[in-house]
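User: Please go through this model with me and say what each label rests on. I would like the cut-offs along with the conclusions.

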Amino acid sequence: MPPAPGVSGMNIRGKPTSLDIAHLAGVSQPTVSRALRGSPMVNEETRRRILAIAEQLNYKVDKNASGLRRQHAGTLALLLFEDPTPDESHINPFFFPMLGSITRACARHGQDLLISFQQFSDDWHAEYGDSHKADGLILLGYGDYLAHQGKLTKLVEQGTPFVRWGAVMPDQPGLSIGCDNVGGGRLAGEHLLAVGRRRIAFLGDASNHYPEFLDRYSGCDEALKAAGFSLDRALQVDAESAEDSGYAAALSLLGRGLPFDAVFAASDLIAIGAMHALQENGLRIPEDVAIVGFDDIPAARIATPALTTVVQDTIRAGELLVEALVHLVNGEPAERTRLPTSLVVRKSSGAVA
């Protein structure tokens, strides 16, 4: 085998170390450790480069030292990111059933669970990535994906095992488990078409900053295009997952003066806020405007009228998050997963359940 890039001519005194390999490969030492134990967190090209350099140096893994380094605390950390509100206390109720599922799954796997509430602006990636508080992290919370993508990359570089609930995309840092957002959006679009709606507004930030919302928008648009229609970007209004944001988005939509006969909201919280705004402005739901949300939070069932919404399997989600993280902590492969969605029909869309 020809010398790996950077190895030829290198003078290493004494026994080669993983730090020597990291220097030659241009990666961090944790990346070398993960590659040598076959972690799926290292891409194939990087793994091959590291293995080639290790072979050229005749590097041997010190199994005793490796075992000491991999001593586990038996604790997983759940970092729940709060939505930005004036009192810094808002937590999306969508996550509450998932919390219960995660807690039960940890107990089944013999893991303690440390729950910590975080702000997106905090240095949580450094605090947990560089400490021994937990063997791995579960990250819950939407927020602006692009704003904290760098922190996810830092966790990967530090060798911190983590999984997150969110959009499942290629080439993203770390491992994600999420729902089929495109499929859920398609269900919403097909349902609204079936009840005779054609001018469908979308409330939610349908951009790369919020990839889950963007997928929901895309799925709804696919359903309309299959029927010879499409979503009108002039009827799309940015909104975060909060009632006040949905209320403001609906007012903005009304201010544009464009006709619409349905609203697909990127979350139930947005939908419920929009319903209040529309009703206060004299519109009847569902007679004038049909509404569909996403998440099926408890408030959706007691809204007036009850909210038609796309359902995510939060119980299975919690189980998969824990299972995947336990695999990563043990140096075993884990896969990204998209969970299927379903639609629960209630009065807000003008259909009979």
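## Helix α10 and its buried face

User: Which elements do the buried residues of α10 pack against?

Analyst: The buried residues of α10 pack against β6, β7, β8 and α11 (268-280). A contact here means heavy atoms within 4.5 Å. This is a predicted model, in which local features need pLDDT of at least 70 and side-chain atom pairs count only at pLDDT 80 or more, while totals for chains, interfaces and linings use all residues. Residues are numbered from 1 along each chain as its sequence is written, and side-chain values use heavy atoms, with hydrogens and water left out.

User: What makes a stretch a helix or a strand?

Analyst: Helices are DSSP runs of H or I with at least four residues, strands are runs of E with at least two, and both are numbered from the N terminus. By that rule the chain has 13 helices and 12 strands.

User: Why is one face of α10 said to be lined by buried residues?

Analyst: A residue is buried under 20% relative accessible area, exposed over 50%, and partly exposed in between (1.4 Å probe, protein chains only). In α10, Ser 245, Gly 246, Ala 249, Ala 250 and Leu 253 are buried. They fall within an arc of 135° seen down the axis, so they line one face of the helix. The arc is taken from the directions running from the helix axis to the C-beta atoms. Asp 244 and Gly 255, on the other side of α10, are exposed.

User: Which residues of α7 are buried, and how are they placed around the axis?

Analyst: In α7 (residues 145-158), the buried residues are Tyr 145, His 148, Lys 151, Leu 152, Leu 155, Val 156 and Gln 158. Their arc is only 160°, which puts them on the same side of α7.

## The sheet

User: What makes two strands a pair, and which strand order results in the open sheet?

Analyst: Two strands pair if DSSP finds at least two bridges between them. The open sheet has 6 strands in the order β7-β6-β8-β9-β10-β12, with mixed pairing. β7 (236-237) and β12 (342-344) each have a single partner strand, so they stand at the edges, with one side of each left without a neighbour in the sheet. Leu 203 has Val 237 in β7 as its bridge partner.

User: Which strands does α9 touch?

Analyst: Helix α9 (residues 211-226) packs on the sheet and touches β6, β7, β8 (262-265) and β9 (290-295), with its direction at about 170° to that of β6. For α10, which touches β6, β7 and β8, the angle to β6 is about 140°. Axes are lines fitted to C-alpha atoms, for helices over the stretch in contact, and angles run from 0 to 180 degrees between N-to-C directions.

## Core and backbone

User: What makes a group of residues a nonpolar core?

Analyst: The set must consist of buried Ala, Val, Leu, Ile, Met, Phe, Trp, Tyr and Cys residues joined through side-chain atoms within 4.5 Å. The largest such core has 74 residues, and Leu 140 and Trp 165 have the most contacts inside it. Helix α13 (residues 314-329) gives the most to this core, with 9 residues.

User: How do you know that Asp 295 is buried or exposed?

Analyst: Asp 295 has 4% relative accessibility, which is under the cut-off, so it counts as buried. Asp 295 lies in strand β9 and has a positive phi of about 130° although it is not a glycine. Asp 296 has a positive phi of about 60° and is buried at 15%.

User: Where are the cis peptide bonds?

Analyst: One joins Ile 285 and Pro 286, with omega about 15°. Another joins Thr 304 and Pro 305, with omega about -5°. Most peptide bonds are trans.

Technical notes
Expected span 1.5 Å × (residues − 1).
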